[in-house]
Amino acid sequence: MNTKNSPPNIFIVGTDTNVGKTVVSLLLMQYYYHCGYKPFYLKPLQTGCKHSRDISHDARFIYQHIADLESCDPSNSVIHCFKEPKAPWFAARNELSDIHYQGLIEAINQNLYHHSPVVIEGAGGLMVPINKTTLMIDLLAQIDAIPLLVARAGLGTINHTLLSIDVMKSRHIRSFGIVLSDSETPSVSDEMISENIEAIENFSGIKVLGVIKKVNDFFYPSDNCFEVFEKMNV
């Protein structure tokens, strides 16, 4: 339940899969703790993992790198978990299951009622199907959380980012901002990052809050990582 003294719930969305959403989610969680809040991480739809303590489980990654959560059960942060690394629609279907959309929304809202702030991490990109009739962006439009778009820092990100912004605008959803993730080795050149930021801001009208460079120690990330979130004015 959000209060006047609590920052907003943030929905971490991506331009694609493996763009760095989970790392950004972790850093935002750590930033909220740093600011004196008690945030809750929520992964409504997790695919590509066997169980909550699987090494590939996003909630496990979050919990094991936050001291306050190390002894907690990461399954508390997941609503649906499926084994196949596919879009939720197909991952569920492979297990002879289906994702009930309204039930999913109700479960998310229960978490939003009991926790504040909540960092929600989406699955894949905005147009990933949750089931036969709904997409990830449909979920985003019905949840009381502000979207923060995570995109790659390197080549190709202008196209993917602008398309993602356009589809949000078509649903009258405005992004809180954009974070570029640069986990490549070698790192993306400063010139390319600068040009990508210029193009994205020019054509979208949305601010790029900053760039998250490769994190060498997830327990103790650099202060530069938090500077990105300070620009959100939360």
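Q: Which residue does isoleucine 10 stand opposite in E5?
A: Isoleucine 10 stands opposite isoleucine 146 in E5, where strands (E, at least two residues) and helices (H or I, at least four residues) are DSSP runs numbered from the N terminus. This is a predicted model, in which local features need pLDDT of at least 70 and side-chain atom pairs count only at pLDDT 80 or more, while totals for chains, interfaces and linings use all residues. Residues are numbered from 1 along each chain as its sequence is written, and side-chain values use heavy atoms, with hydrogens and water left out.

Q: How many bridges join E1 to E5?
A: Five bridges join E1 to E5, and these strands run parallel; two strands pair if DSSP finds at least two bridges between them.

Q: And how many between E5 and E6?
A: Four bridges connect E5 with strand E6, residues 178–182, again in a parallel arrangement. Within this pairing, arginine 152 has serine 181 of E6 as its bridge partner.

Q: Is E5 mostly covered or mostly open?
A: E5 is mostly covered, with five of its seven residues buried, where buried means under 20% relative accessible area, exposed means over 50% and partly exposed lies in between, computed with a 1.4 Å probe on protein chains only.

Q: Back to arginine 152, which residue does it form a salt bridge with?
A: Arginine 152 forms a salt bridge with aspartate 16, with the closest N and O atoms 3.6 Å apart; a salt bridge is a side-chain nitrogen of Lys or Arg within 4 Å of a carboxyl oxygen of Asp or Glu. The two residues come from distant parts of the chain, 136 residues apart, since arginine 152 sits in strand E5 (residues 146–152) and aspartate 16 in the loop between strand E1 (10–14) and H1. Arginine 152 counts as partly exposed at 28% relative accessibility, and aspartate 16 counts as partly exposed at 29%.

Q: How many salt bridges does the count come to?
A: The count comes to seven salt bridges. One of them is between the side chains of aspartate 68 and lysine 38, at 3.0 Å from N to O. That pair also links distant parts of the chain, 30 residues apart, with aspartate 68 in the loop between H2 and strand E3 (78–82) and lysine 38 in the loop between H1 and E2. Aspartate 68 is partly exposed at 42% relative accessibility, whereas lysine 38 is exposed at 58%.

Q: What about glutamate 121 and lysine 43, buried or exposed?
A: Glutamate 121 and lysine 43 are both buried, and their side chains meet in a salt bridge at 3.3 Å, N to O. Glutamate 121 lies in strand E4 and lysine 43 in strand E2, 78 residues apart. Salt bridges with shared partners join Lys43, Asp58 and Glu121 into one network.

Q: Why is E2 largely enclosed by the rest of the structure?
A: Eight of the eight residues of E2 are buried, so E2 is largely enclosed by the rest of the structure. Three bridges join E2 to E4 in parallel, with phenylalanine 40 partnered by valine 118 of E4. Four bridges join E2 to E3, also in parallel, and threonine 47 stands opposite phenylalanine 82 in E3.

Q: New topic: what volume does the largest pocket have?
A: The largest pocket has a volume of about 590 Å³. A pocket is found on a 1 Å grid over the protein atoms alone, as an open set of points where a 1.4 Å probe fits, with protein on both sides within 12 Å along at least five of seven lines, and lining residues have an atom within 4 Å of a point. The volume is the space filled by probe spheres set on the points, which are joined across faces, edges and corners.

Q: Which residues are closest to its centre?
A: Among the 27 residues lining the largest pocket, Thr17, Asn18, Lys43, Gln46 and Asp58 are the closest to its centre. The largest share of that lining, five residues, comes from E4.

Q: How many disulfides does the count come to?
A: The count comes to zero disulfides, a disulfide being a pair of cysteine sulfur atoms within 2.5 Å. The sulfur of cysteine 72 is 18 Å from the closest cysteine sulfur, in cysteine 81, which is too far for a bond. Cysteine 72 is partly exposed, at 30% relative accessible area, whereas cysteine 49 is buried at 1%.
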